[in-house]
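Hi everyone, thanks for having me.

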Amino acid sequence: MQEIRNYTMNFGPQHPAAHGVLRLVLEMDGETVVRADPHIGLLHRGTEKLAESKPFNQSIGYMDRLDYVSMMCNEHAYVRAIENLMGIEVPERAQYIRTMFDEITRILNHLMWIGSNALDLGAMAVFLYAFREREELMDVYEAVSGARMHATYYRPGGVYRDLPAQMSQYRESPWHKGKDLKRLNSWREGSMLDFLDAFTADFPKRVDEYEELLTNNRIWKQRTVGIGVISPEKAQAWGMTGVMLRGSGIEWDLRKKQPYAKYAEVDFDIPVGVGGDCYDRYLVRVEEMRQSNRIIAQCVKWLRANPGPVIVQNFKVAPPHREDMKQDMEALIHHFKLFTEGYGVPAGETYAAVEAPKGEFGCYLVSDGANKPFRVHLRAPGFAHLSSMDVTVSGHMLADVVAMIGTYDLVFGEVDR
Amino acid sequence: MTDTPSNSLAERLSARFGDTLSISVVRNEVTAEVPAADLLAVATALRDEAPFSFRLPIDVCGIDYMGYGQTEWDTETVSGTGFSRGVEGEAMGRFNWADRPRADSQPRRFAAVIHLLSLEHNHRLRLRVFCEDDTLPMVPSLTGIWPGVNWFEREAFDLYGIVFDGHPDLRRILTDYGFVGHPFRKDFPLIGNVEVRYDPEQKRVVYEPVSIEPRVLVPRVIRDDADLVQAKAESADKWREN
């Protein structure tokens with residue numbers, strides 16, 4: 001009789017379901033995974049070391065490029081760490097703007113997740129639906145910062161600019177014209193807040209559409225129910241946070257437990273799973289989109305009623321008004337100093353965490369008083385999650401590895417940093 | 001001490017561990033410095049004992065304290081001598097491998113910093129373990145206590161060369177296969193050592209020594225002087241003392 005041995009298989013680094021550049025070395029017994037050894041670091045750029053060589057403000061842009069589908073949440077952790085050390089109180093309006101954009105980012109992230117995860121597991125259509133709404137929220141990013149993805153919008157002390165009074169509109173082109181153009185621009189007649197009002201009123205229906213495609217879909221359930229079960233104890237021991245923890249039934253959300261920005265003032269619920277499998281985590285994420293939508297609507301309401309400053313008036317950390325610079329010598333000096341040398345952050349260390357869409361994104365910042373950080377460490381949720389790959393997929397079939405990569409919601413920008 | 005959750009945690013820690021830990025509470029963050037020899041006992045107690053129950057390891061990272069507090073630009077006596085554009089010192093990014101700063105044996109150069117979270121008590125705790133020997137920095141591995149620190153320790157090993165004693169699988173994780181050196185150490189050049197390109201003649205990717213000049217645009221400056229005082233005075237917000 002012929003002897004059958006385990007064989008080793010290379011999954012990635014260019015596999016379409018590897019969500020970027022994951023190289024997974026799998027030891028297989030037939031179709032069953034015996035051992036999984038993820039090789040990461042193919043996207044390692046040394047963000048933390050680069051940040052140590054630049055003034056504080058110049059590294060905000062790097063944060064966008066970590067988890068590049070939840071950009072502003074990464075910025076939020078970094079600027080919060082700086083604000084902690086400097087003892088800056090952020091104006092209330094800026095806090096509401098941050099809360100709103102964190103939730104917009106969460107929806108952006110979950111839309112990307114639901115689309116690509118469904119695509120990995122064989123459901124093509126969800127991707128197309130999810131990207132329709134993603135495009136609208138990308139426009140909000142663009143309206144407020146000028147960039148669709150890498151916004152660099154949050155600054156220590158607030159946000160860079162106030163919300164625009166006019167939402168950008170589509171222009172007539174061979175692709176957008178006539179009735180089509182009118183429909184696209186119908187939400188965009190007024191301000192950005194008007195646009196978001198229209199969006200939040202419409203979005204629950206859109207989530208219903210995704211659910212229509214997946215929640216009771218027999219194939220979807222076959223691929224996710226009972227797959228990748230993570231017990232609450234295991235989730236904690238492996239340093240899991242965010243949806244990975246909540247999917248296992250632990251009600252833990254930094255937005256509720258250690259509120260930052262304005263999360264203590266807004267009303268929302270924390271969805272929790274029961275079984276800790278991929279399907280529960282899917283349900284949690286879908287519900288989180290609905291809850292984020294609720295938070296956005298509340299922030300829009302507040303922001304409409306309460307104008308005010310969006311960044312501190314301390315010109316050592318925030319630039320003076322552009323118009324002042326043309327007349328006022330002091331303002332010009334402040335501007336020059338801020339954009340060349342930057343500002344010194346008092347010596348000390350701090351850890352600031354936010355509930356990013358993927359879990360707890362933290363920034364551990366050590367300053368020795370200089371204008372550049374002494375050490376920045378970014379705690380990426382995906383890194384902790386992926387490390388448990390071996391224990392979660394051993395014993396599963398090969399196809400379930402794809403479901404597991406999907407449910408971890410991996411983005412290699414943050415895993416590799 | 002005011003009665004905040006952080007202070008009560010600090011009190012419980014000092015009541016339980018006594019002089020083993022040196023504890024500080026700054027901005028409601030509790031930091032405890034642990035001698036490497038006691039780390040495993042302390043960590044086990046922190047996980048298992050009810051007043052602490054730190055079951056969720058958040059993070060482990062390395063730090064290289066070489067050059068802490070050093071600047072490249074003198075800001076205190078300049079007014080007497082006039083400004084000089086000359087940048088002194090060899091801070092990060094200004095040297096290549098051949099000219100890297102050689103640290104005189106610096107005690108307490110490397111440290112591993114561990115962040116823990118307790119879901120039951122909603123507490124965070126930071127542990128700092130200094131490595132005694134800076135030529136072979138070594139810290140006991142926590143993988144037996146929290147399996148989730150596995151990759152974080154691999155990362156600290158990869159980037160800082162801190163050896164985690166007892167780690168089951170201490171391989172490099174983020175850097176390239178066959179990488180030499182520990183890139184996040186302060187004496188490792190920012191530009192790196194090698195660059196890669198595709199060689200059309202050999203039809204493969206080749207590694208070559210870096211050709212870029214090290215360059216940093218903004219000098220590292222620490223100002224304890226008027227600037228900070230003025231900023232405090234100008235600020236409408238409360239600048240907390242550190």
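**Strands first, then the interface**

Let's begin with one pairing: L24(A) has P38(A) as its bridge partner in β3(A). Before going on, this is a predicted model, where local features need pLDDT of at least 70, side-chain atom pairs count only at pLDDT 80 or more, and totals for chains, interfaces and linings use all residues. Residues are numbered from 1 along each chain as its sequence is written, chains are lettered from A and ligands numbered from 1 in the order in which they are written, and side-chain values use heavy atoms, with hydrogens and water left out.

Strands here are DSSP runs (E, at least two residues), numbered from the N terminus, and two of them pair if DSSP finds at least two bridges between them. β2(A) and β3(A), residues 32–39, run antiparallel over seven bridges. Their hairpin has two residues between the strands, and G30(A) takes a positive phi near 65 degrees there. L24(A) of β2(A) is also the bridge partner of F11(A). β1(A), residues 7–11, pairs with β2(A), residues 23–29, in the antiparallel sense over five bridges.

Now, how many residues of chain A are in contact with chain B? It's 69, and they touch 67 residues of chain B, where contact means heavy atoms within 4.5 Å. Between these two chains there are seven salt bridges, each a side-chain nitrogen of Lys or Arg within 4 Å of a carboxyl oxygen of Asp or Glu. One salt bridge joins the side chains of E349(A) and R126(B), at 3.8 Å, N to O. Strand β6 of chain A, residues 348–356, gives the largest share of the side of chain A that touches chain B, with five residues.

Notes. Helix = DSSP H or I, 4+ residues; strand = E, 2+ residues; numbered from the N terminus.
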